[in-house]
Amino acid sequence: MTGADRDAAGTGVAAPAVSFARVSKAFGGVRALSDVSFEVLPGEVHCIAGENGSGKSTLIKIITGVYQPDPGAEMSYFGRRVDSVTPAVARGLGINVIWQDLALFPQMTVAENIAFGDILGSRPRLVHRRQMRAKAERVLDRLGVSLDLDARLNTLSIAERQIVAICRTLVGDARLVFMDEPTASLTHSETQSLLAIVRKLSADGVSIVFVSHRLAEVLAISSRVTVLRDGRKVGVYDTEGMTQSRLTELMTGKTFDAEVISGDRSAERAVLEVSGLCRAGEYEDIDLTIRAGEVVGLTGLIGAGRTELGLSLFGMTRPERGAVRLNGEPVSFRSNRDAIAAGVAYVSEDRLTLGLVQPQSIADNVVLPVLGKIVNGLDLISTGKKNDLVSRWIRELNVKVGRPEDPVSTLSGGNQQRIVLAKWLATEPKLLILDSPTVGVDVGARAGLFAIVRQLAAEGLAILLISDEVPEVYFNADRIIHMAGGRFIASYDPRALSLAAVEKAVYA
Ligand SMILES: Nc1ncnc2c1ncn2[C@@H]1O[C@H](COP(=O)(O)OP(=O)(O)OP(=O)(O)O)[C@@H](O)[C@H]1O
Ligand SMILES: [Mg+2]
């Protein structure tokens with residue numbers, strides 16, 4: 001019985017916001033979805049969980065009309081059967097998506113970004129500034145947040161832009177909002193405020209579909225979770241009573257046990273030695289030694305200066321004072337080219353802007369920083385060498401790719417992140433800086449990625465692991481440094497302290 005039938009029978013049960021059955025989708029040879037059913041109830045927060053490439057984004061794109069499903073799918077929205085849907089039709093039904101890139105206008109103000117779509121949708125007439133501001137203000141009020149309405153978008157943080165994107169969907173009377181990895185680039189506290197907004201919307205009767213690889217978040221926010229594995233639906237589960245390890249098992253078919261791996265590397269040779277490093281407004285008085293085979297975890301809250309320090313060590317910005325030595329040699333990088341040449345690799349938090357050249361092929365992205373290594377005497381890239389290197393890293397990192405010649409943009413988000421890592425590992429660095437390397441990467445792949453990190457450390461690499469997820473540094477670093485206000489304020493030994501104690505100290 002569909003929701004519409006129930007309504008027609010006068011039981012008073014509201015129809016599901018969406019009810020889909022038999023959804024399949026193939027892209028060439030890749031079956032992204034096979035015979036999936038999916039239902040979201042009114043006012044429900046529903047998560048879609050699954051490993052990288054399991055089909056989460058594809059399902060969202062089908063429901064929101066971006067992709068057409070393969071023939072045979074049954075689709076209804078709010079109890080009404082629909083034969084096919086376009087993005088415009090979906091919007092007309094009150095369905096909104098907050099895409100990863102947010103699709104906002106950077107040069108326009110907060111008020112304009114919030115109310116613009118609504119105004120564009122109406123008949124052409126003069127845009128009343130005051131009316132627009134009032135509209136924007138009403139939605140901000142509804143969410144209980146305050147933002148400067150006249151600030152230009154490009155002056156806001158990612159978290160604030162996300163709020164603007166959410167507000168924009170609400171101006172148009174959203175009944176169902178899709179959020180695909182909305183917290184991927186947010187810090188711990190920003191995530192908490194986003195989750196508060198999601199709860200508020202749901203209390204107002206708006207249905208939310210939420211995708212995140214942070215399972216703690218999935219369990220905290222949703223009432224039900226649909227699990228996908230390899231494009232198939234494993235099942236739909238109540239989150240009450242669900243645990244992270246059970247959910248991981250459903251997603252991967254495997255179990256993962258976290259254990260502390262830290263050890264004492266103080267007798268090893270120092271690879272990186274930093275003393276008295278300063279850059280006004282970013283970090284101050286930084287002393288840091290990372291030894292061969294050592295993984296140092298760097299954690300802290302928003303604005304702690306972790307990324308700023310990482311960028312300086314990678315030559316992207318210049319320290320104003322202090323000294324850096326690499327393998328005992330003093331270094332002073334004028335650019336990241338100098339840093340790469342000296343053996344520093346940097347896997348960034350933001351794969352889309354710093355990490356990959358989207359339109360280029362997977363193979364070219366892996367090869368980019370090592371061009372020097374594989375050019376032969378004639379300054380041409382040796383195809384044989386290029387192919388060797390590419391297939392080696394794609395195999396080692398277990399990247400799910402069609403062909404290495406495909407553009408990187410066709411890969412699922414988490415697989416793109418693995419390509420970023422492959423790209424840097426191919427440079428055979430001495431110091432590897434990982435800045436939030438698992439943003440958007442699924443649990444299975446995280447475990448795989450950290451197994452690689454450990455292996456690299458065992459081979460003598462020095463590794464700086466930057467993350468605001470305390471468990472990530474706790475289980476993968478030899479020691480943890482806590483940064484706040486641009487300074488190192490404490491260090492913790494995972495062998496001596498419980499995870500809860502470190503979390504309490506960092507998040508307090
Ligand atoms: N436009 C496309 N062309 C070719 N293949 C595609 C396209 N879109 C998705 N795919 C493939 O379909 C599969 C599912 O991808 P999808 O983006 O839905 O995964 P996902 O679950 O969202 O993963 P992630 O967690 O990494 O974001 C992947 O193998 C992906 O490479
Ligand atoms: Mg996705």
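Which residue in β9 is the bridge partner of Ala 49? The partner is Val 227. The points below set this pair in the context of the predicted model.

1. Overall content and confidence. The model is a prediction, and its chain holds 19 helices and 20 strands. Of the 508 residues in the chain, 44% are buried. Among contacts with a separation of 6 or more, 69% join residues 24 or more positions apart. The average pLDDT of the chain is 81, and 77% of the residues score at least 70.

2. Strand β11 (residues 270–279) has the highest confidence, at a mean of 97, whereas helix α1 (residues 3–8) has the lowest, at 41. Over residues 1–10 the pLDDT stays under 50, and the model shows 17 contacts beyond four places in sequence for them. The stretch 351–358 is also below 50, with 17 contacts in the model beyond near neighbours in sequence. Where pLDDT is low, predicted coordinates should not be read in detail.

3. The six-stranded sheet. An open sheet with mixed pairing is formed by six strands, in the order β6-β7-β8-β3-β9-β10. Its edges are β6 (95–98) and β10 (232–238), each of which pairs on one side only. From one strand to the next, the twist averages 20 degrees. Within this sheet, β3 (residues 45–49) and β9 (residues 224–229) run parallel and are joined by four bridges; the pairing of Ala 49 with Val 227 belongs to this strand pair.

4. Helices on that sheet. Helix α2 (residues 56–63) lies across β3, β6, β7 (176–180), β8 (207–211) and β9, and it runs at about 150 degrees to β7. Helix α9 (residues 244–252) also packs on the sheet, where it touches β3, β9 and β10. The direction of α9 makes about 35 degrees with that of β9.

5. Strand β19 and its partners. Five of the six residues of β19 (residues 479–484) are buried, so the strand is mostly covered. Strand β13 (residues 295–299) pairs with β19 in the parallel sense over four bridges, and Leu 298 stands opposite Ile 481 there. Strand β20 (residues 487–492) runs antiparallel to β19, with five bridges between them; here Ile 480 stands opposite Tyr 492. The hairpin of β19 and β20 has two residues between the strands, and Gly 485 takes a positive phi near 55 degrees in it.

6. Helix α5. Does the length of α5 agree or disagree with its residue count? At 1.5 Å a residue, the 15 residues of this helix (residues 129–143) should span 21 Å, and the end C-alpha atoms are 22 Å apart, which agrees. The buried residues of α5 are Met 132, Ala 136 and Leu 140. Viewed down the helix axis, these buried residues fall within an arc of 65 degrees, and therefore line one face. An α-helix has 3.6 residues a turn, so residues three or four places apart point the same way. Arg 130, Gln 131 and Asp 141 are exposed on the other side of α5. Gly 144 follows the helix and has a positive phi, near 65 degrees.

7. Most residues other than glycine have a negative phi. Two residues deserve a check on this account. Asp 285, which is not a glycine, has a positive phi of about 50 degrees and is found in strand β12 (residues 283–291). With 13 C-beta neighbours inside 10 Å, Asp 285 counts as partly exposed. Asn 327 also has a positive phi, near 50 degrees, and is found in the loop between β14 (321–326) and β15 (329–331). Asn 327 has 16 other C-beta atoms within 10 Å and is therefore partly exposed.

8. Val 164. Val 164 and Glu 112 are 52 residues apart in sequence, and their C-alpha atoms are 9.9 Å apart in space.

Methods:
Residues are numbered from 1 along each chain as its sequence is written. Chains are lettered from A and ligands numbered from 1 in the order in which they are written. This is a predicted model: local features need pLDDT of at least 70, side-chain atom pairs count only at pLDDT 80 or more; totals for chains, interfaces and linings use all residues. Two strands pair if DSSP finds at least two bridges between them. Axes are lines fitted to C-alpha atoms, for helices over the stretch in contact, and angles run from 0 to 180 degrees between N-to-C directions. Two residues are in contact if their C-beta atoms, placed from the backbone, lie within 7 Å. A residue is buried if 20 or more other C-beta atoms lie within 10 Å of its own, exposed if 12 or fewer, and partly exposed in between; C-beta atoms are placed from the backbone. The expected span of a helix is 1.5 Å times one less than its number of residues. The arc is that of the directions from the helix axis to the C-beta atoms. pLDDT is the predictor's confidence in each residue, from 0 to 100.
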